Amino acid sequence: VIVRIPTINDDLADFYLLFDMWAQFNHEDSEVELDFSRCGFLRQNAVAFLGGLIRLKESRGGNVTINPATINGTVAQNLAKSGFGAVFGLRNVLNPGHSIPFREDKIADSIGISNYLKEGWLGRGWLHITEPLKNAIVGTVWEVYANAIEHGASNIGIFSCGQHYPRMKSLKLTIVDFGVGVPANVRRFFGDQALPAERTLEWAFRAGTTTKPSGIGRGLGLDILKQFIRVNKGQLEVFSHNAYAFISSTKESYVSHKAFFEGTLVNISLECDENHYCLASELPQGPLF
Amino acid sequence: MVMEIVMVNKISGENAVSQEDGQKLFDLIRPVLGSDQAVELDFTGVKIFASPFFNAAVGQLVKDFKPDSLNRLLKVQNLSPLGQDVLKRVIENAKLYFSSSENYRTTQAEVIAKLTHEN
């Protein structure tokens, strides 16, 4: 079967397109050909998600081919810069430029993931933040990976990709797993299949929550990232099942929407402004005189 | 009292983030603390912290030792303010969790019921 990839931005409707593709991959034949002839460009969310979809199909004994003749110049460049092309057998490879390369992790590789976040994402001079704050954000986002590997129960792992958009002054990173999703874990823990998906997500965001049977209490541990996003006027979005979490400087909401995706997708957008950011603990304490 | 000093970065490098490294540290210090000997964790050279590491290394101790014993036997040196924040959060959560896991489930069931009711 041929799956046509549309142009994919990263507005809410674009995530619905991705989840629609996931549904197609779930139901279609084992042989899939990706056709990019209707695709004008792809954002980091689509690159991470597509990589995961290919691995998902392969893990179920299927095969995915990419038809290079259908790929236009912009998309070809994007796939080459993100490293996606090299991973999935497209020939041209380019310097990453403004891309934070496509990455797949089956295990919680602490050194590799920390370096990716610290050097590849936050350390490229696009954001003015102090070393301690950078370390704090890396530790926080590492927990997203660790949670996905520990709770997601996915045998294909986690997929990430990011992009710096100089004109929009924005720095984005998407992390996605194709596991069982947050609502499934929380519902199983409480033995209550009727819990609304959006409330399970809200619960998981609170500090000190855990679904691990032998577990040691902890939440998603996103507090520092949430605080930074509020100050930086960035945004954090999480999709899992039909739940959608949105956090910005002015809003924190957990709602249900029409699209369904069984795994968990985290999309982080940071503002590349002229401000210099640091941790509150780095500021001078008390009066100077 | 003889104090055993453990350089954490020998186990974790600069990233004290993973459960595996945390477990290695736990396996190292648990028997020492069990024989009522003091341990100092020295975090020199460790820059990045995450709760899976502290959960395994320290959170698990809350199950086996009383807070008074841990305050007496376990010392922490050269831990950045950020690392202290993560460690405090982990200890609070572990105390809550190990007070009784069934209790924890009941309390949390009330929390999620409240969330559902409010919305």
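Is the crossing of α2(B) and α3(B) left-handed or right-handed? I looked this up before anything else. The crossing is right-handed. I note that the model is a predicted one.

**Entry: two helices of chain B**

I located helix α2 at residues 19-34 of chain B and helix α3 at residues 51-59 of chain B. Their axes lie 7 Å apart. I read the packing angle as about 20°. Angles under 35 degrees count as roughly parallel. α2(B) and α3(B) are therefore roughly parallel to each other.

Next I listed who touches whom. From α2(B) come B:Q19, B:D21, B:G22, B:Q23, B:L25, B:F26 and B:I29. They meet B:P52, B:F53, B:A56 and B:A57 of α3(B). I then sorted the residues of this contact by type: seven are nonpolar, three are polar and one is charged.

**Entry: strands of chain A**

I moved on to strand β8 of chain A, residues 252-271. I looked up its pairing with strand β6 (residues 170-177) of chain A. Eight bridges join the two, and they run antiparallel. I picked out one residue, A:L171, and found its bridge partner in β8(A) to be A:L270.

β8(A) also pairs with strand β7 (residues 235-247) of chain A. I noted twelve bridges here, again in the antiparallel sense. For A:Y244, the bridge partner in β8(A) is A:V255.

How many residues are there between β7(A) and β8(A) in their hairpin? I found four.

Definitions and conventions
Residues are numbered from 1 along each chain as its sequence is written. Chains are lettered from A and ligands numbered from 1 in the order in which they are written. This is a predicted model: local features need pLDDT of at least 70, side-chain atom pairs count only at pLDDT 80 or more; totals for chains, interfaces and linings use all residues. Side-chain values use heavy atoms; hydrogens and water are left out. Axes are lines fitted to C-alpha atoms, for helices over the stretch in contact, and angles run from 0 to 180 degrees between N-to-C directions. Angles under 35 degrees count as roughly parallel, over 145 as roughly antiparallel, 65 to 115 as roughly perpendicular and the rest as oblique. A crossing is left-handed if the near helix is turned anticlockwise from the far one by less than a right angle, and right-handed if clockwise. Contact means heavy atoms within 4.5 Å. Ala, Val, Leu, Ile, Met, Phe, Trp, Tyr, Cys and Pro count as nonpolar, Asp, Glu, Lys and Arg as charged, and the others, Gly among them, as polar. Two strands pair if DSSP finds at least two bridges between them.
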